[in-house]
Amino acid sequence: MPSRRSGTPAFVLLLLVISLSFCTSSSELDSRWAAKKLEMRDKVREMFYHAYENYMTYAFPHDELKPLTKSYTDSLSELGNLKLEHLPTDYSGSALTLIESLSSLVIMGNNTEFERAVGWLSKNLSFDVDARVNLFECNIRVLGGLVSAHILASDSKNRLIQGSYDNELLGLAEDLGRRFLPAFDTPTGLPYAWVNLKYGVMEGETTETSTSGCGSLILEMGALSRLTGDPRYEFAALRALRKLWSMRSSLNLFGTTLDVMTGEWIEHSSGIGAGVDSFYEYLVKAHILFGKDDYWRMFQSAYLAVQKYFRHGSWYHEADMRSGRATYWQLTSLQAFWPGLQAKVSDCNIINQVLVGDVRAANSSHREFFSVWEKYGVLPERYLLDYQTVHPTEKYYPLRPELAESTFYLYHATKDPFYIEVGEAIVNSLNFYTKVEGGFASIRDVTTMQREDHQHSFFLAETCKYLYLLFDDSFLAGRNYVFTTEGHPLPVLSDWHDRLPEAYIPSNWTYVKSRMPTERASAMSLQVCPATSLNLGEGQQPIESVCHVVDARGDHRCLRDEECGVDATSCRSRSCSIAGYCGLWLLV
Ligand code: DMJ
């Protein structure tokens with residue numbers, strides 16, 4: 001038996017060998033991941049150009065490509081869920097996909113094509129058309145695309161435009177912004193969902209709109225005001241946002257649709273998906289872009305309410321804004337942006353306020369979305385959580401970007417190679433199921449993978465862009481951008497700020513540091529709930545669990561299960577016992 005003395009050097013040697021081999025294998029691993037990222041980046045680039053070139057060949061200057069029939073659709077005037085009541089008479093397309101591709105071309109380093117596209121749009125684009133467009137869609141796609149591209153084009157550091165650029169894109173954006181303004185002319189300041197670009201709001205126009213339609217205009221219209229010096233755009237968007245905020249329930253929840261004339265809610269049930277999603281996103285992004293604390297405060301209350309009333313473990317369901325009670329147990333494809341937003345919020349620790357645990361929560365719900373993606377090969381529009389199956393009618397996948405977007409943000413936040421693998425799986429699925437000779441086709445039914453003749457412009461603006469950035473984010477090095485909900489980058493500039501969060505300040509910019517006291521709120525990792533479980537420093541407030549719903553009565557007595565809340569520690573619903581007390585009773 002070796003003595004202790006003689007055993008020590010052998011042990012040390014073994015450790016040395018293990019650690020050396022670990023070092024070698026980890027650096028080998030690093031270079032393998034680096035090679036994988038390059039390979040994947042090139043695949044995404046190919047995807048983008050396959051989509052772009054087919055659009056340019058078969059659809060341009062119309063709005064979007066029909067990849068199966070190699071034809072086009074002028075979809076800008078048909079976007080949205082509300083019915084078209086007045087068909088446009090002289091509407092012939094606005095090169096929507098080209099506008100949506102501008103910032104992707106820059107990110108992929110194709111300055112020549114960017115310059116060519118800017119030149120064409122400057123000469124040919126006109127908004128003086130008799131077209132009834134959806135304000136929200138036109139704002140995020142066209143106004144956002146133009147404003148972002150203008151900033152990229154006029155940034156002398158980028159040298160994107162070799163010839164002359166005379167702010168033509170900004171001129172177009174301003175013209176479009178002016179055509180938006182009649183939509184805001186309502187007693188509430190909440191904008192109509194639809195506006196005719198030539199004639200303003202049409203007679204008999206529907207007064208119903210969505211929460212996103214009122215609350216997701218501030219980035220683009222705010223940027224337009226800052227660039228032109230005309231405050232009307234930012235003012236109109238901010239007034240609508242404030243009105244919307246005033247309509248929240250006592251639980252800090254919002255509905256999905258409302259009436260712009262009366263300011264009354266129409267659909268009281270909502271979640272974080274369709275009709276609401278980008279409203280939450282714009283609160284936090286407006287804070288980053290414009291630095292107003294108000295936006296952050298709104299976001300924080302709204303975010304905590306979402307986590308408290310919509311979250312169930314790693315999933316999110318819908319709930320009634322008045323009672324907080326669950327309405328629909330459905331996963332929707334649009335919700336998949338939420339983990340990315342949570343990762344982004346973690347990035348916002350710069351704002352000196354910490355949302356605890358959001359990367360962990362983000363990671364776990366991202367895994368759930370990805371597991372549904374893996375089950376079908378793509379993400380169905382709606383998935384029934386209680387039956388673990390796809391919705392009977394909403395079975396489609398229109399090439400949406402949300403899962404790729406979250407994957408990009410989570411990789412950025414964690415550098416966990418798992419997200420590279422997810423990205424690879426997404427790319428492989430898209431190439432396998434949706435790539436056709438004439439571009440990329442949407443999926444009509446995820447259970448049969450039957451295709452649909454539509455390549456949405458957001459495939460180029462977002463899906464390809466986020467996948468590309470996941471594998472190669474060199475464009476972002478040394479730059480601070482906020483991506484709009486349509487994936488168009490806007491720079492975080494000190495002169496757009498009252499106060500600029502520190503982490504967003506390159507060293508040569510002028511700024512005023514924000515000095516707010518640190519506030520903490522538990523933002524819900526899976527189980528991080530109990531106030532006592534988090535290690536707080538002296539003098540700090542205990543952390544309330546966001547899943548915690550108190551029992552209806554302080555003495556915990558009850559007659560029905562509905563009178564019982566949600567347990568703060570386990571996040572499980574409490575029920576009413578035979579003896580009439582709320583608790584986590586085991587059913588035997
Ligand atoms: C995009 O147009 C935007 O991301 C919008 O906010 C909602 N989702 C679509 C793509 O799915």
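Among contacts between residues at least 6 apart in sequence, 67% join residues that are at least 24 apart. The model from which this value derives is a predicted one, and the protein has 15 helices and 24 strands. Of its 588 residues, 58% count as buried.

Salt bridges were counted over the model, and the count comes to 25. In helix H4, which spans residues 135-154, Glu-137 and Arg-141 lie 4 residues apart, about one turn of the helix, and their side chains meet in a salt bridge with an N to O distance of 3.0 Å. Glu-137 counts as buried at 14% relative accessibility because the limit for that class is under 20%, and Arg-141, with a relative accessible area of 4%, is buried as well. The closest N and O atoms of the salt bridge between Glu-174 and Arg-178 are 3.9 Å apart. Here Glu-174 counts as partly exposed at 21% relative accessibility, and Arg-178 is likewise partly exposed, at 41%.

A further pair of this kind is found in helix H10, residues 293-309, where Asp-294 and Arg-297 are 3 residues apart and are therefore separated by about one helical turn. The side chains of Asp-294 and Arg-297 meet in a salt bridge at 3.1 Å, N to O. Asp-294 has a relative accessibility of 29% and counts as partly exposed, as does Arg-297 at 47%. Apart from these pairs, a network of salt bridges links Arg-41, Asp-42, Arg-45 and Asp-472.

The loop between helix H5 (168-180) and strand E4 (194-196) contains Thr-186, a residue that is buried, with a relative accessible area of 8%. The side chain of Thr-186 reaches two backbone atoms in this part of the chain: the nitrogen of Gly-189, at 3.0 Å, and the oxygen of Leu-190, at 2.8 Å. When neighbours within four places in sequence are left aside, Thr-186 is in contact with Tyr-192, Arg-239, Val-260 and Met-261.

By residue class, the lining of the second largest cavity divides into 3 nonpolar, 1 polar and 4 charged residues.

Backbone geometry was considered last. Most residues other than glycine have a negative phi, and most peptide bonds are trans. Against this background, the peptide bond that joins Phe-60 and Pro-61 is cis, with omega at about 5°. Pro-61 lies in the loop between helix H1, residues 4-58, and strand E1, residues 64-66.

Positive phi values in residues other than glycine include those of Asn-167 and Leu-399. For Asn-167, which is found in the loop between H4 and H5, phi is near 60°. Asn-167 is partly exposed, with a relative accessible area of 37%. Leu-399 counts as buried because its relative accessibility is 0%, whereas Asn-167 is partly exposed.

Notes:
Residues numbered from 1 in each chain as written. Predicted model: local features only at pLDDT ≥ 70, side-chain atom pairs only at ≥ 80, totals over all residues. Heavy atoms only, no water. Helix = DSSP H or I, 4+ residues; strand = E, 2+ residues; numbered from the N terminus. Buried < 20%, exposed > 50% of the residue type's maximum accessible area, 1.4 Å probe, protein only. Polar contact = N/O pair within 3.5 Å; in protein donor to acceptor, adjacent residues only side chain to side chain. Contact = heavy atoms within 4.5 Å. Nonpolar A, V, L, I, M, F, W, Y, C, P; charged D, E, K, R; others polar. Salt bridge = Lys/Arg side-chain N within 4 Å of Asp/Glu carboxyl O.
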